[in-house]
Amino acid sequence: MTVAQAVVEYLSRQYTVDTIGGQEYRERLIPGTFGIFGHGNVAGVGQALKQYQAADPTIMPYYQGRNEQAQVHQAVGYARHTRRRQTFAISTSIGPGSSNLLTGAALATTNRLPVLLLPSDTFATRVADPVLQQLERPDAYDITVNDAFRPLSKFFDRVSRPEQLFSAFHHGLRVLTDPAETGAVTISLPQDVQAEASDVPEEFLAEREWRIRRPDADDEDIRRAAAAIRAARNPLIIAGGGVLYAYANDELARLVELTGIPVGNTQAGVGVLPWDHPFSVGAIGSTGTTAANALAADADLIIGIGTRYEDFTTASRTAFQNPEVQFININVAPIDAYKHGTALPIVADARKALIKLNQALGGYRVGADLEQRIAAEKKRWNATVDEAFGTRFTPLPAQNEIIGATSRAMDAQDVVICAAGSLPGDLHKMWRVRDPFGYHVEYAYSCMGYEIPGGLGVKRAALAEAAAGGAQRDVVVMVGDGSYLMMHTELVTAVAERIKLIVVLIQNHGYASIGSLSESLGSQRFGTQYRELDEETHSFDAGERLPVDLALNAESLGVKVIRIEPGEKVIAELEQAVRDAKAAPERGGPIVIHVESDPLLDAPASESWWDVPVSQVSDLDSTRQAYTTYTDHKNRQRKLLG
């Protein structure tokens with residue numbers, strides 16, 4: 001068989017096996033392959049997919065996409081919703097087809113989410129050298145475009161001979177299924193090698209199970225952690241995505257109900273507890289709630305569970321102001337367990353660590369004063385959100401109102417999707433999640449354009465979940481016009497497959513998030529508005545708004561569109577539109593709900609900070625004033641936490 005045929009058949013027989021609470025789950029690791037074909041893969045992987053489709057379409061289903069980067073985002077969305085048990089493979093042609101995957105690779109690796117990339121490469125034999133789209137560097141002739149994947153992937157290999165196929169894929173899938181190492185796995189396939197015939201051992205093509213490793217916590221580490229918790233007066237848990245990937249929600253709930261320790265969550269950790277749980281204080285950090293940030297400021301012990309501690313989580317190391325603060329970090333990945341100089345790293349699966357910690361903390365509970373403060377801070381923040389959701393601005397609503405209306409129209413098990421702009425911060429602090437799978441915001445890479453393809457990947461996983469007897473979930477993408485314009489092409493994919501993806505498209509005529517940040521940094525929203533060029537001043541800041549009709553654009557792609565016109569009833573009409581979209585047939589195709597907002601109406605403040613440097617010298621008064629504010633915050637920043 002050819003190398004490409006061997007790859008396709010091999011991938012069709014790989015399974016993950018996961019054991020949670022004594023129950024075993026066996027899933028197909030690669031349930032399908034995306035591909036856009038060109039001269040690099042059309043006669044290789046493309047031929048193999050066609051051959052197996054003709055024999056049996058279930059062997060390796062093929063999915064068509066419109067952009068290679070978007071295909072990676074679909075795979076990532078699918079992987080996150082399946083809790084890293086499944087992902088897709090993506091085949092591309094050489095040159096731009098391959099390099100279009102690079103942003104997606106970086107996103108997958110940063111998010112610790114598995115995706116298998118199979119970019120085609122130039123001839124291994126160099127028989128037709130140089131070929132179309134070959135990089136051809138004069139100083140290193142063996143370097144191709146695909147070498148750019150090396151720093152972006154958790155595993156990289158190139159199959160230059162058929163015999164290399166076996167070890168390349170064995171080691172690649174080892175990384176793909178390892179919770180501590182997973183990310184983008186890239187295996188470069190030269191176009192001539194893909195089509196080359198070779199004897200393939202039957203053992204390579206046999207079914208193989210990849211058991212997801214869930215290492216247990218060391219008993220001594222648990223003993224030391226329990227002692228530190230018992231000695232703390234103001235402990236605080238920061239729960240990240242690792243809690244969800246470990247299916248540790250129930251053990252976390254058991255811990256906080258046993259001890260009374262409050263829980264703040266990262267972007268990836270939204271859903272670890274329902275928003276109204278008495279010990280859930282919501283989002284933490286730069287886009288956090290005032291409740292979580294107030295408790296973080298005074299905390300003498302931070303218990304990080306499954307978090308990367310990115311700068312939004314730590315408010316650029318200003319969130320924790322207690323000079324005696326210490327850290328316990330529970331994480332399956334050592335790089336995260338050892339962050340911030342902690343003396344108590346626990347390298348373990350979050351669920352297994354929490355089971356032991358719950359046993360070790362029997363009889364311990366925080367003081368009544370802390371419990372009273374938790375209740376008071378939650379009450380204060382909930383009132384703030386109620387006001388933000390309830391205020392009615394006309395004729396253009398605030399983004400807060402749009403979020404509130406969308407949330408009210410959705411069911412508990414539905415999923416909201418977002419990635420970049422001002423929406424992720426507003427959703428993080430205000431979205432009232434009721435289901436562990438109900439919130440999916442890609443914020444490790446915060447990639448503009450992720451929203452629609454990522455949401456489509458989540459919807460694919462939700463459809464598979466429902467088909468297996470699980471929850472019935474609608475997937476609602478919330479996206480601004482900036483991200484929509486960057487990557488809306490996968491709406492065509494949803495049209496082709498009749499997938500009901502609901503998109504709430506918020507038109508605010510520019511990059512509202514960066515506009516607000518620019519203003520706070522003294523740069524006066526420079527270059528962030530969608531306006532015609534004023535040639536005299538060479539400025540885009542004061543011209544006429546662009547006559548762009550994004551609703552009409554979506555309609556031209558074959559999408560059903562609901563337009564919400566500005567006016568007094570805009571929020572009521574939006575809420576009803578989301579309900580109508582949810583009531584539409586499941587296989588009726590995507591629906592876009594178009595609504596305009598006022599970009600100058602901000603969300604409630606987090607009473608926090610994010611470190612974005614300000615020019616130290618400037619002729620602009622606004623920049624000089626911003627630098628004074630910046631230095632005040634820098635004085636609160638800690639160089640190393642303990």
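Why is the sulfur of C447 too far from the closest cysteine sulfur for a bond? In this predicted model, the closest cysteine sulfur to that of C447 belongs to C418 and lies 12 Å away, which is too far for a bond because a disulfide needs the two sulfur atoms within 2.5 Å. A search of the whole structure accordingly returns 0 disulfides. C418 is in no disulfide, its nearest cysteine sulfur being that of C447 at 12 Å.

The largest pocket holds about 1,400 Å³ of space. It is lined by 50 residues, of which S422, S513, S516, L517 and W610 are the closest to its centre. Two or more lining residues come from each of helix 17 (423–430), helix 19 (481–486), helix 21 (512–520) and helix 24 (621–634). Helix 21 supplies the largest share, 6 residues. By class, the lining of the largest pocket comprises 23 nonpolar, 20 polar and 7 charged residues.

The second largest pocket contains about 430 Å³ of space. Its lining consists of 16 residues, and those closest to the centre are E27, T82, R85, Y247 and E465. Strand 2 (23–28), helix 3 (68–81) and helix 18 (451–467) each give two or more residues to this lining, with helix 18 giving the most, 3 residues. The lining of the second largest pocket divides into 8 nonpolar, 4 polar and 4 charged residues.

How values were computed. Residues are numbered from 1 along each chain as its sequence is written. This is a predicted model: local features need pLDDT of at least 70, side-chain atom pairs count only at pLDDT 80 or more; totals for chains, interfaces and linings use all residues. Side-chain values use heavy atoms; hydrogens and water are left out. On a 1 Å grid over the protein atoms alone, a cavity is a set of points where a 1.4 Å probe fits but cannot get out, and a pocket is an open set with protein on both sides within 12 Å along at least five of seven lines; lining residues have an atom within 4 Å of a point. Grid points are joined across faces, edges and corners, and a volume is the space filled by probe spheres set on the points. Helices (H or I, at least four residues) and strands (E, at least two) are DSSP runs, numbered from the N terminus. Ala, Val, Leu, Ile, Met, Phe, Trp, Tyr, Cys and Pro count as nonpolar, Asp, Glu, Lys and Arg as charged, and the others, Gly among them, as polar.
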